[in-house]
Amino acid sequence: MTLGPRMPELSAFEVLLEVAGSGSLNEAATRLGLTQQAVSSRMTAMETRTGVQLLARTSRGSRLTPAGVVVVQWADRLLQVAAEAEAGIAALREDSRRRLKVSASLTIAEQLLPGWLVSMQASARALNIAVPDVMLTAANSDTVMDQVRSSQADLGFVEGPTISRGLHSRVIGHDQLVLVVRPDHRWAHRSRPVAAQELAVTPLVSREHGSGTRQILLRATQAALGKDATLARPVLELSTAAGVRQAVLAGAGPAVVSELAAKDDIEFGRLRRVPLVGLDLHRTLRAIWIGAGTPPAGAARDLLAHIRRTASS
């Protein structure tokens, strides 16, 4: 509902209530910290705007007209509701600073968010400010977007190539996918890179449909081989990056995984990275939210600001 142009502002109703309560323009001016002329001008402006005479002005002072008495009753109820709304909004604002519901894709939830949250808590304690309670849900990118859209999460983090309509996003980092095998796999010591065509027909240990990792691999394959290109049926389909890595370590077959997720396994020799050619597997990591173009005020905005500071330091 849109209010009409004749509806006064709340401040005008506040002045009217002071006039009614004090019984005079002069006393109302004293209570409000204004001049009598300012109060009189506001009442005149309110009458002009509403088209209703609210005060009867005489040489002995001003009094409410019958219409003014009715408007004062409405104003009293209106300002009570406004005060309740203001208090409620303040409580919601405080709650948004103390509690944050985050939904993040697996790579970000496992590899990046723990470090961000720990350092954010340390910074908050150093500045002697409240540390927000963060409730984290890890899911694939499609589920994260669904949870943010339905307000089950205040803030989301995804790694997929596209963002659903109605969501706003901000880049918070970058990653790339790498092909990994167990050290005794036939690809572990090959001299030439694996090409897009060979990878596309090889059954892989894979994440489930809806994961950012799987979407990026399919799009890169289609960019290299044509829009009708498909991937071979996975030898195993798992819902977590940790599960994919463990399956590769167990000898199930090759996998294309996040470089962030496989970094330690590659460094310690548990997995071998196999060179790829003809595929662009770089990806952008994004924070997402619903509503205004700027991140939600409170803990969500504070977390994103902390992530940006951490990335630039």
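Reader: Which residues make the nonpolar surface patch of about 330 Å²?

Author: Leu-3, Met-7, Leu-10 and Leu-78 make that patch. Patch members have over 30% relative accessible area and no salt bridge, with nonpolar side chains joined within 5 Å. Keep in mind that this is a predicted model: local features need pLDDT of at least 70, side-chain atom pairs count only at pLDDT 80 or more, and totals for chains, interfaces and linings use all residues. Residues are numbered from 1 along each chain as its sequence is written, and side-chain values use heavy atoms, leaving out hydrogens and water.

Reader: Is Leu-3 buried or exposed?

Author: Leu-3 counts as exposed because its relative accessibility is 56%; the cut-off for exposed is over 50%, and buried means under 20% (1.4 Å probe, protein chains only). Leu-3 sits in the segment before helix H1 (10–22).

Reader: New topic: which residues of helix H7 are buried?

Author: In H7 (residues 141–149), those are Ser-141, Val-144, Met-145, Gln-147 and Val-148. They're on the same side of H7, because they cover an arc of only 160° around the axis.

Reader: And what do they pack against?

Author: Several elements, including strand E3 (99–105), strand E4 (133–139) and helix H9 (212–225). Contact here means heavy atoms within 4.5 Å.

Reader: What caps the N-terminal end of H7?

Author: Asn-140 does, with a side-chain oxygen 3.2 Å from the backbone nitrogen of Asp-142.

Reader: What does Gln-215 touch?

Author: Leaving aside residues up to four places away in sequence, Gln-215 touches Asp-142, Gly-160, Pro-161 and Gly-210. Gln-215 is in helix H9, and its side chain reaches the backbone oxygen of Gly-210 at 3.5 Å.

Key. Helices (H or I, at least four residues) and strands (E, at least two) are DSSP runs, numbered from the N terminus. The arc is that of the directions from the helix axis to the C-beta atoms. A polar contact is a pair of N or O atoms within 3.5 Å; within protein, one must be able to donate a hydrogen and the other to accept it, and residues adjacent in sequence count only if both atoms are side-chain atoms. Patches are made of residues with over 30% relative accessible area and no salt bridge: like charges are joined within 9 Å, nonpolar side chains (Val, Leu, Ile, Met, Phe, Trp, Tyr) within 5 Å. Accessible areas come from the Shrake-Rupley method with a 1.4 Å probe; for residues, only the protein chains shown count as cover. A salt bridge is a side-chain nitrogen of Lys or Arg within 4 Å of a carboxyl oxygen of Asp or Glu.
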